[in-house]
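Colleague: I'm new to this one. Can you walk me through it?

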Amino acid sequence: MDYAFIFSSLIKIAALLAVVLGIMNYAVYAERRISALIQDRLGPNRVGPAGLFQPIADAAKFLLKEDFTPAHVNTFYYWLAPCLAMIPAITTLAVVPFGSSLFGVPMVIADINVGVLFVFAIASLGVYGIVIAGWSSNSKYPFLGGVRSSSQMISYELSLGLAVIPVFLLVGQLRLTEVVRYQIENGWLIAPFVGDWGNLQKWLLAIPMMISFVVFTIAIFAETNRLPFDLPEAETELVGGYHTEYGSMKFGLFFLGEYVAMITGSAIIVTLFLGGWHFPGVPDGSHGWGWGLLNIFIFFSKIAGLLFVFIWVRWTLPRFRYDQLMRLGWVFFFEIALVNIFIAAIIIAYLPSK
Amino acid sequence: MAITVSRPKLNFRERLYLPAILSGMAITMRHFKNMLFGRTKVTMQYPEEKWDSHMPEHYRGAPALVRDDTGRVRCVACQLCEFICPPRAIKIIPGEFPAGDKFAKVEKFPHEFDIDMIRCIYCGLCEEVCPEQAIYLRKDYAITGFTRADMVHNKEKLLEIGGVMHGVVLKWNEKK
Amino acid sequence: MNPFLFWFFAFLMLVFGAAVIINRNPIASALSLVICFMGLSALFMSLDAFFIGIIQVLVYAGAVMVLFLFIIMLLDLRAENLRKINYVAVAGGAAVAVVFFIQICFVVGQLNAAKQPFPALTSAKTDDVHNIGLLLFTNYNLPFQIIGVLVLVATIGVVVLSKRELK
């Protein structure tokens, strides 16, 4: 084996994990601050300057709380579930290109040719954590949460998968680095302001891409169990849903797993529709390591922007009723995505690309 | 009888939901912006800023014992407050003035007077029932302590909170 | 691929494949099957068949087994746990498995291809996703379309059946 490859991969994994876990902690802080500001409050502002050390305090609290296992649970699966909720969310990041290159090393951990399918496959495993948590808690509310979650995730995975097909019809590859490369040459898929301005096909395609983007984003909301689709944990009806019986760090893993899933979801949206690490006018990492770092920074800034939208939507919209959720998934988004594929295919087939 | 609630008929624009969602997002964004740039001020930084100056006259805070102008603890240990107290937070052990004391005509005084502030519900019945105008509800509300024992106000603490009450009826002075 | 990884995943598959039948708890069986699928997918990937490996996870582990789990969870499991083991059936099953295994060994031993050394794998020059797509839409276009129609018919059938149940 190539030791340089293994070494650089390990460094990339460690660095990405550190950055993502850091963002995750501050996403919790941002959620609390932004929700407070939206509701005309101030939010946590005591720990450190402007409350910036709040995540550390939160983590300490999670770790120091009593790790209690209720007597009526199925212990093995009860302990397994939080891990299963966290692992898929983090694993998905392996195929996302988070930067151009740094010292000649491409900034993606595993550039496999089925990139987006890998993302869907691993993300679909995320439902096990929730289902097993609901089942092993051996209690009614968590069980209802688990059942809701499994049907919701399966329903929205369809829209998720169908929404990205126009992207790959256009790019012609499932590899995520190729999607980014295409967007560098032709502009972001939903806003193609780079490259050939006289290209009619590109401008027409921006319409189905926009629809794809909206459907995909909404499906990601549903997949990550965020409001307005947070029925698996709906506090007002299911106490806490699947994590009702959990406490301390085991609850923390569910809680933070949701944020990691948000980050990975945003990373996929950024990569597919918003140009990945590319920003018009910024050269890639082959022009010097400073630019490489800037590319990584751009990528994470875009993720931060999307996370803000996630939080903003959460504190604006009320929760859907369960039948509305299912109807929305199966009757609207599924059909919209199908018709959208059809439109995109027609544009790609019958309009000249040059 | 079952009541049928007629659902409002939505027109096409309302059924799209998107305009409503977007206007909702605009509203929350406006709140966010106003709050971010400090244009709205609703909350108060509690330990630094306090509402004390706005406290109404009739505010019911911690109950306390008072002294009068002559320096006597006004309580005569009649135990009416102990009797009326709904959560039974008050405990009084009466004592008798020795014969030569300057207040000997009052006969009794509270040897111990404890109010358990964990139990107290700030109802003000003790103040209302007191025939001697000896117990008043003051405006102290931040009653804290690290142990249960800390939360019991003894006589010294109660007198410290209560202080001296001017202009109360001094009926014992007239009594021979 | 590293032979260690092959043995690791093959062993994983065998162990959890056995766990599927040995476990008394249906949930544990279902989860063992999921791990079995993951091992299978890893073996596919080791042969550079990324697409098939990923589809294995996406379809079987991600969708089919979730539905299985969903159904199992809705069943009452206590009756299942209390049931006594039927030793005659276990012995019979084991015997059939052993006979089947011997038969496989025998048949494989007879094959000419099995006696020759395995040709060295060459890494593919083109994308396996690309190749599969090309095959499906050129050589096997008709069977592909027929399967599509078949699945559509099955879907419609399910909808019709479940609608009738509602009345």
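This is a predicted model: local features need pLDDT of at least 70, side-chain atom pairs count only at pLDDT 80 or more; totals for chains, interfaces and linings use all residues.

Colleague: Chains first, then. Which pair of chains has the most contacts?

Modeller: Chains A and C. Two pairs of chains touch, and the A and C pair has the most contacts of the two.

Colleague: How many residues of each are in contact there?

Modeller: Chain C brings 15 residues and chain A brings 16. On the chain C side, helix α3, residues 50–74, gives the largest share, with twelve residues. By class, the chain C side has 13 nonpolar residues, one polar and one charged.

Colleague: What share of chain B is buried?

Modeller: Buried residues are 20% of its 176 residues. As for contacts in chain B between residues at least 6 apart in sequence, 72% of them join residues at least 24 apart.

Colleague: Then what are the values for α5 and α11 of chain A?

Modeller: About 10° for the angle, with the axes 9 Å apart. That is why α5(A) counts as roughly parallel to α11(A). The pair crosses in a left-handed way. Their contact has 20 nonpolar residues, five polar and one charged.

Colleague: And α7(A) with α11(A): at what angle do their axes cross?

Modeller: Roughly 155°, and the axes come within 10 Å. So α7(A) is roughly antiparallel to α11(A). This crossing is left-handed.

Colleague: Which residues of α7(A) and α11(A) meet?

Modeller: From α7(A), they include A:Leu204, A:Pro208, A:Ile211 and A:Val215. From α11(A), they include A:Phe333, A:Ile336, A:Asn340 and A:Ile347. In all, the contact divides into 14 nonpolar and four polar residues, with no charged ones.

Colleague: Back to chain C for a moment. How do α5(A) and α3(C) cross?

Modeller: At roughly 155°, with axes that come within 10 Å. So α5(A) is roughly antiparallel to α3(C). The crossing is left-handed. A:Val147, A:Ser150 and A:Ile154 of α5(A) make the contact with C:Ala63, C:Val66, C:Phe70 and C:Met73 of α3(C). By class, that contact has six nonpolar residues, one polar and no charged.

Colleague: Now some single residues. Where is A:Trp188?

Modeller: In the loop between α6 (176–186) and α7 (200–223) of chain A.

Colleague: Is A:Trp188 buried or exposed?

Modeller: Buried. A:Trp188 has 22 C-beta neighbours inside 10 Å, and the cut-off for buried is 20 or more.

Colleague: Which residues is A:Trp188 in contact with, leaving aside its neighbours within four places in sequence?

Modeller: A:Gln183, A:Phe273, A:Leu274 and A:Gly275. A:Leu274 is 86 residues from A:Trp188 in sequence, but their C-alpha atoms are 5.4 Å apart in space.

Colleague: Which residues other than glycine have a positive phi?

Modeller: A:Asp40 is one of them, with phi near 60°. A:Asp40 is in the loop between α1 (3–38) and α2 (54–64) of chain A. With 14 C-beta neighbours inside 10 Å, A:Asp40 counts as partly exposed.

Colleague: And what is phi for B:Gln133?

Modeller: Near 50°, again a positive value in a residue other than glycine. B:Gln133 lies in the loop between α4 (125–129) and β4 (135–137) of chain B. B:Gln133 is partly exposed, with 17 other C-beta atoms within 10 Å.

Definitions and conventions:
Residues are numbered from 1 along each chain as its sequence is written. Chains are lettered from A and ligands numbered from 1 in the order in which they are written. Two residues are in contact if their C-beta atoms, placed from the backbone, lie within 7 Å. Helices (H or I, at least four residues) and strands (E, at least two) are DSSP runs, numbered from the N terminus. Ala, Val, Leu, Ile, Met, Phe, Trp, Tyr, Cys and Pro count as nonpolar, Asp, Glu, Lys and Arg as charged, and the others, Gly among them, as polar. A residue is buried if 20 or more other C-beta atoms lie within 10 Å of its own, exposed if 12 or fewer, and partly exposed in between; C-beta atoms are placed from the backbone. Axes are lines fitted to C-alpha atoms, for helices over the stretch in contact, and angles run from 0 to 180 degrees between N-to-C directions. Angles under 35 degrees count as roughly parallel, over 145 as roughly antiparallel, 65 to 115 as roughly perpendicular and the rest as oblique. A crossing is left-handed if the near helix is turned anticlockwise from the far one by less than a right angle, and right-handed if clockwise.
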